[in-house]
Amino acid sequence: MTSEFRITVRENLAKAEVRANFYRAMDGLMTRRLDQFPDKVELERLRTQSMAIRANALSKLPELLEQLEANLTRNGIQVHWAETTDQANQIVLGIMQQHNAQSIIKGKSMVSEEMGLNHFLEALGIEALESDLGEFIIQLDHEAPSHIIMPAIHKNRVQIAKLFHEKFPDIPYTEDVDELTQLARRILRDKFYAAPVGLSGVNFMVAETGTLCLVENEGNGRMSTTAPPVHIAVTGIEKVVESLSDVPPLLSILTRSATGQPITTYVNMISSPRKPGEKDGPEEVHLVLLDNGRSNIYSDPELLATLRCIRCGACINHCPVYVRIGGHSYGTVYPGPIGSILEPQKAGLDVHGELTQASTLCGACSEVCPVRIPIPSILNRLRYDGVRKDAANTNTVGSGKRRTLSEAATWKTWAWAATHPALYHTGSKLATRFKGMLPTNLGAWTLVRTAPKLAESTLHERLKALGVDHE
């Protein structure tokens, strides 16, 4: 039976315009990143330093989270813990109900996507409006993000112009990028002013000072966290770092790896609600710390490196599979290489285990990862966990669920034959002698390549025409 993932991949491979959009965008991102690191020695030093910072934080994660909560609370920020996305959604809803809020304006947050927050609130009649330009575009088109940094990267300016004209017919049609951006800003400006609650993600949390660090380019994040009287930040528990001095190296490699910029336009450091005498800022700040399977990942020393991710998207930008099938093919919040190791661990190998096969294991992702996550090694481990017989000996959710009797029997038969040389050689000779009986349609194999017997016969014909004895 063809899986939903494979069906979606085939559908997206047939969308020539979308594929062209991805090719152009990925080429530009890879070039800009390369230009930001002319000194390879400095790049490798910074990668090693960043890896060490994240590894150190994870090695002390329980202690740092306790320190973070204590310092945030001392600073006046209210901390909430959520084991599941349902709990996180209920926490956000509870805060909004305390303030009789019927709308919320959101800065970019992948964790809120993970929570399905927009759909949850809209089902209750509460407006959840995205203020990030890319998120705003896909929200207008009722789509999910196709990239963790650039949600609407699968669309070109003509498609966006047509979408804006469809949704806002009173505004003159334009394909000018600057005009489209200004249009979105005019629409959102009143929303920032009127929204009773703003929501954001968090890039890094500093345990030492109780500080939430948020980086962005558009200013919408700063508006979402400053203009509304209540600010809710949502993030995964792994985003903590030990000290404020850990932040600059991470910011340096994050922005250059993500968008090829030396630094983002805005770096927000939030340490408290508005203080007496201050002219702006929210009256309340809340932080929702989401687990959603992260503790389980944390418990496995081999898989722990997954949590080092700083969400730069570099692995996605350089992945030859992602650039061809697009982000929507994965059917998950996090696409690409990082999604292929994170999503199966969160939801289970029985749910998203097929994503571990969506890789050529070429290693491009690990070569560019700013915190040196060994993605190919983790993919291999998860592939093994998916089919392992001793499923009880691993904490990976859904372990053993991808094991099938037919596949197990095939490999067992091959292993037995391979350990009996005479039988193996006899079988090889017979397979070679009767290769002409192979069918021309070998399923997925012949979708993109010639069947072996056709390739062999073509070779024989060419050699014969040249008068070469090929027997």
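How many bridges join strand 5 to strand 6, and do they run parallel or antiparallel? Select residues 204-206 (strand 5) and residues 211-216 (strand 6): three bridges join them, and the two strands run antiparallel. Strands are DSSP runs of E with at least two residues, helices are runs of H or I with at least four, and both are numbered from the N terminus. Two strands pair if DSSP finds at least two bridges between them.

This is a predicted model, in which local features need pLDDT of at least 70 and side-chain atom pairs count only at pLDDT 80 or more, while totals for chains, interfaces and linings use all residues. Residues are numbered from 1 along each chain as its sequence is written, and side-chain values use heavy atoms, with hydrogens and water left out.

**The sheet**

Stay with strand 6 and pick Thr211, which has Val206 opposite. Strands of a sheet pair through backbone hydrogen bonds, either parallel or antiparallel.

**Helix 8**

Select residues 133-140. Seven of the eight residues of helix 8 are buried, where buried means under 20% relative accessible area, exposed over 50%, and partly exposed in between (1.4 Å probe, protein chains only). Among the buried ones are Phe136, Ile137 and Ile138. To see what covers them, show helix 6 (110-115), helix 7 (117-122), strand 3 (127-130), helix 9 (157-167) and helix 10 (177-194), against which the buried residues of helix 8 pack. At the start of helix 8, look for Asp132: one of its side-chain oxygens comes to within 3.1 Å of the backbone nitrogen of Gly134. After helix 8 comes His142, with a positive phi near 55 degrees.

**Two loop residues**

Go to the loop between strand 10 (284-290) and helix 13 (294-298), where Asn292 sits. Asn292 is not a glycine, yet its phi is positive, about 50 degrees. Is Asn292 buried or exposed? Asn292 is buried, with a relative accessible area of 18%.

Next, select Arg311, in the loop between helix 13 and helix 14 (314-317). Arg311 also has a positive phi, near 60 degrees. Arg311 is buried, at a relative accessible area of 12%.

**The whole chain**

Zoom out to finish. The protein chain has 22 helices and 10 strands. Its C-alpha atoms fill a box of roughly 95 × 55 × 50 Å along the principal axes. Of its 471 residues, 49% are buried.

How values were computed. Contact = heavy atoms within 4.5 Å. Polar contact = N/O pair within 3.5 Å; in protein donor to acceptor, adjacent residues only side chain to side chain.
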